[in-house]
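Here is a quick tour for anyone meeting this structure for the first time. Have a look at the fold, then read on.

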Amino acid sequence: PRTTTIDELINNPDGAERLIGSVYAKLYDWNVHGFSWNGISSMASDDADKGSDPGDTGTDKDKLDAWTFDATSISFDEVWIGNYEGIGRATYALKYLSGMDLPAGVKERYIGEAKCLKAYFYWNLVRSFGGVPKIDRVLESQEDIIAASNRATAEEIYAFMEQDLNDAIAVLPPVIPTAENGRVSKAAAQALMAKVLKKKKK
């Protein structure tokens, strides 16, 4: 299929909806909530065992289950990449949504959704890896990428998430119509904020 360009999106009547939709779509990708996430979370804890045929390693899920994994385990790489792809999509959405001509309240809602979802992707990363690189803008050059590759502390990431969630809480609707089930609401952002603040205090 043909790739849609940013110019086509920002000059299209449904471009804003497609931008925010791409951020939501990342929640369904294999490398965000699939087998690798289950491996580094549930299987690496007492919550679940790998299961399946004993001869089926699940690539590295047997090692995660037995706590014999190392830095080469593919599951960590997939979770890292998947969540940063989500952060990248949210960051692109935030860059371009602010300049789009949208009905009153719609732009603010989309921006709030992008910030809440970005915070959620960081929530997955900071609990899995501790401090991680903080991406606060679209990286447009090799110099930007190098500068953003430094590892922020976990405390800095929690503060970054808190800022995004405060912004989201201020503009997200308290109630989501049934036809829009699955979109983030003010209550969803507040619930994530409660988790962030609890973790931040530890």
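## Ground rules

Helices here are DSSP runs of H or I at least four residues long, strands are E runs of at least two, and both are numbered from the N terminus. This is a predicted model, where local features need pLDDT of at least 70, side-chain atom pairs need pLDDT 80 or more, and totals for chains, interfaces and linings use all residues. Residues are numbered from 1 along each chain as its sequence is written, and side-chain values use heavy atoms, with hydrogens and water left out.

## The overall fold

The chain has 10 helices and 0 strands, so its radius of gyration (taken over C-alpha atoms) of 18 Å can be set beside the 17 Å that the globule rule, 2.2 Å times the number of residues to the power 0.38, gives for 202 residues. The two values are close, so the chain is as compact as a globular protein of that length. The C-alpha trace spans about 55 × 40 × 40 Å along its principal axes.

Of the 202 residues, 40% count as buried, meaning under 20% relative accessible area with a 1.4 Å probe and protein chains only; exposed is over 50%, and partly exposed is in between.

## The largest pocket

A pocket is an open set of points on a 1 Å grid over the protein atoms alone, where a 1.4 Å probe fits, with protein on both sides within 12 Å along at least five of seven lines; lining residues have an atom within 4 Å of a point. The largest one has a volume of about 260 Å³, which is the space filled by probe spheres set on the points, joined across faces, edges and corners.

It is lined by 14 residues, with Tyr84, Gly88, Ile135, Leu139 and Ala148 nearest its centre. Helix 6 (74-97) and helix 8 (142-148) each give two or more residues to this lining, and helix 6 gives the most, with 6.

## The second largest pocket

This pocket has a volume of about 200 Å³. Its lining includes Thr3, Arg18, Glu85 and Gly88. Helix 1 (6-10), helix 2 (15-25) and helix 6 each supply two or more residues, and helix 6 again gives the most, with 4.

## A spot on helix 9

Where does Glu155 lie? Glu155 is in helix 9, which covers residues 154-171. Glu155 counts as exposed because its relative accessibility is 57%. The C-alpha atoms of Glu155 and Lys199 are 9.7 Å apart, though 44 residues separate them along the chain.
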